[in-house]
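This report walks through a few places in one protein model. Keep the structure in view while reading.

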Amino acid sequence: MSQHRAPQRLSMIGRPSRRLLVVLIALLVTAGTTWFSGASFTAASDTASTVRAADDYYPPRVAVSTPAATINGVVAISATASDTGSGVAQVVLQYAATGSTTWTTLCTDTTSPYSCSWDTATVADGDYQLRAIATDKVGSSTTSVVVATKVANPAAVALTTIADVVRGTVPLSATVTGAAGRTVSSAFQIRLSGAAGWTTVSGCSAVSGTTPTCSWATGTLADLYDVRVLSTVGSGASATTVTDEQADVTVDNLAPTVTLTAPAPMSGTVQVVATPLDDDSGIAKVDLSYRLQGTASWTALCTVSADPYRCALNTTTLVNLGSYELRAIATDVAGNLSADAIITRTVNNGVASITITSPVTGDRVTGTKTITTDVATPLGTSATSVRIEGRLAGGAFATICTDASAPYTCDWATSALTSGTWELRGILTYTGGLTATSPVVTVTIDNNPLRALDIQASNGGTSGTAGAGDVLTFTYLGAVDLSTLKAGWTGASTPLTMNVTDKAVAAATATDRATFTVPLGTVLFAQNYVRANRSVAIPATMTATNGTSGGQTTTIITVVLGTVSSVDLRNSSTTGAMRWTPSATVKNAAGFACSTATVTETGATDRDL
């Protein structure tokens, strides 16, 4: 009976319906799977069911953009990909050495344009294949046709920067690039700055690897040296030698020297003065201290990092008639310490004493200066007055002022006085009409109507190197007759040349200096900008404007450096302050010459250029 059920069911469908079903099935078969994409249909049967076709049948398309035939450095590798159905989910970019089946992924990019950077210095030179694999959002993927290129990176080496000033054992290192897959052998060498021949550092003749390191034992050397690294990349006929150099490294293994002076005996407030000397790296600081003779510990008096290296010692706080040791220790920029300079002085405050504490010998005075003193009287007595006297050197002392109450000061108006060398002294009167006279202090009065006020620098290019865009600003106190700087000049931009000269060229100069083709004077730098025994001419322009300072007119000369290309210029990491000594050739409208008194750059110390 079951053999007849199917025909019976078929017979239940009408003849027109059977024809329609046959046509429908034929259409579905001939249309292929594309017809079903995203569609559904319901078939007639005992039980109704819904069939859904695949959302995205076709895989994506992808192609790698062919790079140059030969590439080096960092190169952009890109691909194009598309998918007409679900869309591209990601593209993976890969490379492999030609002939290798090992592929390395450069990157995976999920957004168009599909690209990434390939640092070819990380692989060996040679022939390479590139491909891309695109995957759509339903998981279908396609691998592109392979494209070819050649990696050929030029080898290079960079010497790790060495400190401007060194001593003892100095670490040397470098980085070699463009050498992947090739052997590397490096040597570190030195020479006296500017000399012809090089000497290989002991133990540094054949250092392998792309980051060679070794140590330079400088021993007792004390001079300017050039240091370089030579790296041989590869072997045989294809070997390449590359080099990098740092000029003018100051090697200083010699300790500075220092001497010390103080009054004998000491009473009241005295000046303890150190005189340090270091011909190589220069003085960094001087530490002054004292102790009662026979005791173990020292008491710090002061630390001074710039000339004059001195400080005041108030002996009234010490043991009267006690014998004291004074000590100075100098430290140079390289870190070498001097031997202790020790002198012995006796404190004698059993007699009255007076000391002028400001100004002190060597100071330059202008305008109104407050004179301060320190006085001491024997036990049971007291000061009644202090008289300050002054004179032009070689003349007679005259009273400046008298003060009858502590702290015994005096305002000294110098504007109407003759500029030049002046001597000051204080006379103390104490109980019973007794007197004591201070040591003479020698100062310079400088009330020229035109003088230097300040000098500043700003960097316009590479910090620590003189170059294009760097600016020097000279500020005069007073109005400059601009024609005395350059005939017919009105302040508009005009050319000049700045000559930067190494300190070794002039034995009297302890630092590099700049001079100019107009009478701006001389600028001394704390930095070493020029290789040993060299001079560099730098083109520049200058302009002039007027300003005010403290209610007085100023003239501001702005010098802007131009482009210069010279192997004799060097970079300095040292910080410090410039010193400007103007020229007396420059005058004001009344014909008064500019003071030649030196001024030091104000503000925080920096690398200047």
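Start with glutamine 129. Setting aside residues up to four places away in sequence, it touches Gln94, Tyr95, Ala96, Ala97, Thr98, Gly99, Ser100, Trp103, Val146 and Val147. Contact here means heavy atoms within 4.5 Å. This is a predicted model, in which local features need pLDDT of at least 70, side-chain atom pairs count only at pLDDT 80 or more, and totals for chains, interfaces and linings use all residues. Residues are numbered from 1 along each chain as its sequence is written, and side-chain values use heavy atoms, with hydrogens and water left out.

Glutamine 129 sits in strand 9 (residues 126–136). Strands are DSSP runs of E, at least two residues, numbered from the N terminus. A polar atom of the glutamine 129 side chain lies 3.5 Å from the backbone oxygen of alanine 97.

Now turn to serine 549, in strand 42 (residues 535–549). Serine 549 is in contact with Leu453, Leu477 and Thr554, leaving aside neighbours within four places in sequence. Tyrosine 476 is 73 residues away from serine 549 in sequence, and 9.9 Å away in space, C-alpha to C-alpha.

The table sets out accessibility for both residues. Buried means under 20% relative accessible area, exposed over 50%, and partly exposed in between, with a 1.4 Å probe and protein chains only.

| Residue | Relative accessibility | Class |
|---|---|---|
| Glutamine 129 | 18% | buried |
| Serine 549 | 29% | partly exposed |

Next comes the core. A nonpolar core is a set of buried Ala, Val, Leu, Ile, Met, Phe, Trp, Tyr and Cys residues joined through side-chain atoms within 4.5 Å. The largest one has 38 residues, and Phe474, Phe516, Leu520, Ile557 and Val559 have the most contacts inside it. Strands that each supply at least two residues of this core include strand 37 (451–458), strand 38 (471–477) and strand 43 (552–561). Strand 42 gives the largest share, 5 residues.

Last, a pocket. Which residues lie nearest the centre of the second largest pocket? They are Pro263, Val270, Gln271, Thr355 and Pro439, among 19 lining residues. Strand 22 (269–277) and strand 28 (353–358) are the elements that give two or more residues to this lining. A pocket is an open set of points on a 1 Å grid over the protein atoms alone, where a 1.4 Å probe fits, with protein on both sides within 12 Å along at least five of seven lines; lining residues have an atom within 4 Å of a point.

Terms used:
Helix = DSSP H or I, 4+ residues; strand = E, 2+ residues; numbered from the N terminus. Polar contact = N/O pair within 3.5 Å; in protein donor to acceptor, adjacent residues only side chain to side chain.
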